[in-house]
Amino acid sequence: MALESLFLRLDRIAGGRQAGVAISEADRTHPKTVRAFVWILWLLVVELVIGVGAVIVALVLAVDGESVSFAVWMRTLVVLAMTATLFYFAWRARRGWRWAYQRLRLFAQIFPVITLVMAAIPGLYPLWMVSEQIVFSLIMIGIADFLTSDHMRSTFAAPHSRSSEGG
């Protein structure tokens, strides 16, 4: 498939040396793995809805003549771009690529911290956006919880770790 070769090239850029490392088909199709990715997908959909909602709120406020700060516009655009990236990582991880799982897990653990720190800066964002950031962070923590479960960590363990556990 032509698109898959394009995605594999993109994977090489995003995944680096680990781009070609995949988990086994049995691990990829294990019911716990499938269930985790179903939940992750739905949580990312909620994140996307929240992100689009934030853009709509900012647009409505701007059209009504209220001042919408540059920080609010940047936050809304960054959240949408970040969510698109997370969808890509989740899709590639669901297909068994270890690098994508690692990136998704890393971002799911780091973004809530960054988001909550930013929300805590007095006056940076209006109250509605601070609330949006808190909800966003809680959902990301939920995604991180699925990704750091014992099952998922062992499923996506480094190949040398997995072979040494069995023997």
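This is a predicted model: local features need pLDDT of at least 70, side-chain atom pairs count only at pLDDT 80 or more; totals for chains, interfaces and linings use all residues.
If we take the contacts with a separation of 6 or more, residues 24 or more positions apart account for 77% of them.

Let me turn to the helix pair. Helix H3, covering residues 31-63, packs against helix H6, residues 127-147, at an angle of about 170°, and their axes lie 9 Å apart. Angles over 145 degrees count as roughly antiparallel, and H3 and H6 are therefore roughly antiparallel to each other, while their crossing is left-handed. On the H3 side the contact includes Trp39, Ile40, Leu43, Leu44 and Ile50, and on the H6 side the residues met include Trp128, Phe136, Ile139, Met140 and Phe146. Taken by class, the residues of this contact divide into 20 nonpolar, 1 polar and 2 charged; Glu47 in H3 and Glu132 in H6 are among the residues that take part.

Finally, the loop between helix H1 (2-15) and helix H2 (25-28) holds Gly20. Is Gly20 buried or exposed? Its relative accessibility is 62%, and because exposed means over 50%, Gly20 counts as exposed. Gly20 and Trp97 are separated by 77 residues in sequence, yet their C-alpha atoms are 7.3 Å apart in space.

Notes: Residues are numbered from 1 along each chain as its sequence is written. Side-chain values use heavy atoms; hydrogens and water are left out. Axes are lines fitted to C-alpha atoms, for helices over the stretch in contact, and angles run from 0 to 180 degrees between N-to-C directions. Helices (H or I, at least four residues) and strands (E, at least two) are DSSP runs, numbered from the N terminus. Angles under 35 degrees count as roughly parallel, over 145 as roughly antiparallel, 65 to 115 as roughly perpendicular and the rest as oblique. A crossing is left-handed if the near helix is turned anticlockwise from the far one by less than a right angle, and right-handed if clockwise. Contact means heavy atoms within 4.5 Å. Ala, Val, Leu, Ile, Met, Phe, Trp, Tyr, Cys and Pro count as nonpolar, Asp, Glu, Lys and Arg as charged, and the others, Gly among them, as polar. Buried means under 20% relative accessible area, exposed over 50%, partly exposed in between (1.4 Å probe, protein chains only).
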